[in-house]
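Hi there,

Here is the structure I promised to pass on. Have a look at it first, and then read my notes below.

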Amino acid sequence: NIETHEEITSFEVVRLIESVGPDVAGATLDTANVLARCEDPVAATRRLAPYTHTTHIKDAILVFGEQGLLRQVRACGEGVVDWDAVIGILAEYNSAINLSLEDSKGLMTIPIYDPLWQAAHPDLTPGELAEVVRLATSCERRMAHGEALDAATYEAIPLAEQQLDNMRASVQHLRAILEARGLATPAPATSARSQA
């Protein structure tokens with residue numbers, strides 16, 4: 001399963017899979033990594049869903065920087081990914097969705113102002129670029145209104161201090177969507193011993 005890692009686009013992953021056949025290769029959809037290639041997560045999911053066997057589920061915010069955009073991973077529901085749409089698209093192809101949570105730190109540059117970067121992304125349409133810029137503008141607005149931590153403040157918090165809370169928040173957010181769509185498996189029963 002070819003992952004949508006930071007150095008490959010969903011378009012390229014689809015071409016690789018189709019060149020060898022979906023019986024030979026599939027996709028691992030990483031919902032925040034597609035942003036590193038300036039792809040709208042919903043559009044990328046739509047492209048990859050027929051071939052997606054595994055996922056690396058994470059959300060992210062986008063902010064403007066000197067070279068274009070910066071991506072920062074956040075808990076699911078705190079970033080720009082439209083989880084209801086992503087889950088709905090994936091469920092069209094596989095109702096037994098396996099969502100593997102992932103978390104990390106760091107500000108990743110998406111150098112959309114660089115002509116060399118632009119030339120290396122011939123599949124990126126003006127519409128999809130505009131959608132990603134709209135998502136970044138929305139993040140900037142939320143931070144300006146105090147609805148989300150700014151990127152620098154968030155980055156200064158050590159991952160070890162926030163990772164467990166991020167994972168819990170992600171599970172809660174995703175489970176609510178799965179339950180609303182009738183896709184959630186029951187949570188494991190807890191025994192009296194484990195509750196004590």
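In these notes, buried means under 20% relative accessible area, exposed over 50%, and partly exposed in between (1.4 Å probe, protein chains only). Helices (H or I, at least four residues) and strands (E, at least two) are DSSP runs, numbered from the N terminus. This is a predicted model, in which local features need pLDDT of at least 70 and side-chain atom pairs count only at pLDDT 80 or more, while totals for chains, interfaces and linings use all residues. Residues are numbered from 1 along each chain as its sequence is written, and side-chain values use heavy atoms, with hydrogens and water left out.

Let's start with strand β4 (residues 59-65), where five of the seven residues are buried. β4 pairs with strand β5 (residues 68-74) in the antiparallel sense over seven bridges; two strands pair if DSSP finds at least two bridges between them. A hairpin of two residues joins β4 to β5, and Leu62 has Arg71 in β5 as its bridge partner.

Next, the nonpolar cores: sets of buried Ala, Val, Leu, Ile, Met, Phe, Trp, Tyr and Cys residues joined through side-chain atoms within 4.5 Å. The largest has 25 residues, and Trp83 and Leu174 touch the most other members. Its largest share, five residues, comes from α4.

Finally, Ala49 sits in the loop between α3 and β3 (52-56). Why does Ala49 count as buried? Because its relative accessibility is 2%. Not counting residues up to four places away in sequence, Ala49 touches Ile89, Leu90 and Tyr93, where contact means heavy atoms within 4.5 Å.

Best wishes
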